[in-house]
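Student: I am new to this structure. Could you take me through it in questions and answers?

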Amino acid sequence: MRDKLPAREPFAAAERETAASFFALLGIRLAPRLEGLDLREAEAGHRTLSGLLGEMGWVFWEAESPFHFVTSSSPFLVAFPRREEDQFFTLDLRTPSTEITLPLTSRVALHATWKRRGELWRPVSDDALLEINFRTCQRARRFLVSPRPSVPG
């Protein structure tokens, strides 16, 4: 996976599965409520999240200098930006508007969505940069990490 990201090459099925498992591990391991989960619950959550991430489309946003992504003690965020009326009380990871964001480096962030398939690399727009950094800052419980003293946006 380390070679695929810089080269922007499509993932083979096994590589995608490994990447999805790694992203899910970060989601579970860095969850604010991890301390309340027993090992079986954490493992089940990882399996479920890994499978769903593997099915979602991935946009890798790229930030150009001087812009950057920040990370935090809890950078993995599941968002439901559009709450459909009939699904308001049953929102889950399969809800069509579900988005998952995860800054991977100061220059690359993952945006998983049901709105596409495969992988896509894009220069980050101002709106996407602000949204991903806002989500990361919002979830921080212990610390924020930024290559500069200020956060874009």
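**Strands, helix and rings**

Tutor: β1 and β5 pair in the antiparallel sense over six bridges; two strands pair if DSSP finds at least two bridges between them. Helices (H or I, at least four residues) and strands (E, at least two) are DSSP runs, numbered from the N terminus. The model is predicted: local features need pLDDT of at least 70 and side-chain atom pairs count only at pLDDT 80 or more, while totals for chains, interfaces and linings use all residues. Residues are numbered from 1 along each chain as its sequence is written, and side-chain values use heavy atoms, with hydrogens and water left out.

Student: In which order do the five strands of the open sheet stand?

Tutor: The pairing in this sheet is mixed. β1 and β6 run parallel, joined by five bridges, whereas β4 and β5 pair in the antiparallel sense over five bridges. The edge strands, each pairing on one side only, are β3 (77–79) and β6. The order of the open sheet is β3-β4-β5-β1-β6.

Student: How many residues lie between β4 and β5 in their hairpin?

Tutor: β4 covers 99–103 and β5 covers 108–113. Across this pair, P103 has A109 in β5 as its bridge partner. The number of residues between the two strands of the hairpin is four.

Student: How many of the six residues of β5 are buried?

Tutor: Buried means under 20% relative accessible area, exposed over 50%, and partly exposed in between (1.4 Å probe, protein chains only). On one side of β5, V108, L110 and A112 are buried, and on the other A109, H111 and T113 are buried. Both faces of β5 are covered. The count of buried residues in β5 is six of six.

Student: At about what angle does helix α2 run to β1?

Tutor: Helix α2 is made of residues 13–29 and lies across β1, β4, β5 and β6. Axes are lines fitted to C-alpha atoms, for helices over the stretch in contact (heavy atoms within 4.5 Å). Angles run from 0 to 180 degrees between N-to-C directions. For α2 and β1 the angle is about 75°.

Student: Why does the pair of F60 and W121 count as stacked?

Tutor: Rings of Phe, Tyr and Trp (its six-membered ring) pair if their centres lie within 6.5 Å; planes under 30 degrees apart count as stacked, over 60 as edge-to-face and the rest as tilted. The structure holds six aromatic pairs. One of them is F22 and F23, with centres 6.2 Å apart and planes at 55°, so that pair is tilted. The rings of F60 and W121 have centres 4.8 Å apart, and the pair is stacked because their planes are at 20°.

Student: How many residues apart in sequence are the parts that F60 and W121 tie together?

Tutor: F60 lies in strand β1 (residues 57–62) and W121 in strand β6 (residues 119–123). W121 is also the bridge partner of F60 in β6. F60 is buried at 0% relative accessibility, and W121 is buried at 17%.
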